[in-house]
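Reader: I have not looked at this one before. Can you take me through a few parts of it?

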Amino acid sequence: IPLQIFDAFKSRLNDSNSKVNQVALEAMHKMIPLLRDSLSPVIHMLIPAIVDNNLNSKNPGIYAAATNVVQALCQYLDNYLLLQPFCTKAQLLNGKAKQNVTEKLA
């Protein structure tokens with residue numbers, strides 16, 4: 001997977017326009033089962049883009065979409081790929097986001 005594609009895409013995952021942000025998360029949710037472990041080269045940049053603001057979002061659509069993406073990551077990717085990024089995020093996040101990531105780690 002070309003790194004440039006996901007480098008550009010990750011900005012949409014935190015777009016200031018909530019509709020763009022939500023659609024990007026929903027698209028990511030659809031891509032994960034198709035790409036699976038081939039996402040490994042970009043997972044270090046995707047996890048922060050997915051969880052940092054979206055799992056603490058007050059917008060229910062964004063929060064639900066982000067939760068679905070995290071669930072899909074856990075379902076379709078090797079847990080080994082997720083361990084380090086989730087551990088790092090669990091240390092740095094707060095609120096609902098910290099709780100969600102910590103539950104996935106457990």
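Predicted model: local features only at pLDDT ≥ 70, side-chain atom pairs only at ≥ 80, totals over all residues.

Reader: Start with helix α3. How many of its residues are buried?

Author: Seven of the nine residues of α3, which spans residues 43–51, are buried, so the helix is largely enclosed by the rest of the structure.

Reader: Which ones are they?

Author: The buried residues of α3 are Ile 43, Met 45, Leu 46, Ile 47, Ala 49, Ile 50 and Val 51.

Reader: And what do they pack against?

Author: The buried residues of α3 pack against α1 (3–12), α2 (18–35), α4 (60–76), α5 (79–92) and α6 (95–105).

Reader: Now Lys 89. Buried or exposed?

Author: Lys 89 is buried, at 9% relative accessible area; the cut-off for buried is under 20%. Lys 89 sits in helix α5.

Reader: What does the Lys 89 side chain pair with?

Author: The side chain of Asp 52, through a polar contact of 2.8 Å. Leaving aside neighbours within four places in sequence, Lys 89 also has contacts that include Ile 47, Pro 48, Val 51 and Val 101.

Reader: What does Tyr 63 touch?

Author: Not counting residues up to four places away in sequence, Tyr 63 touches Asn 54, Leu 55, Ser 57, Lys 96 and Asn 100. With Asn 100 there is a side-chain polar contact of 3.1 Å.

Reader: How far apart are Tyr 63 and Asn 53?

Author: Ten residues in sequence, and 9.1 Å in space from C-alpha to C-alpha.

Conventions: Residues numbered from 1 in each chain as written. Heavy atoms only, no water. Buried < 20%, exposed > 50% of the residue type's maximum accessible area, 1.4 Å probe, protein only. Helix = DSSP H or I, 4+ residues; strand = E, 2+ residues; numbered from the N terminus. Contact = heavy atoms within 4.5 Å. Polar contact = N/O pair within 3.5 Å; in protein donor to acceptor, adjacent residues only side chain to side chain.
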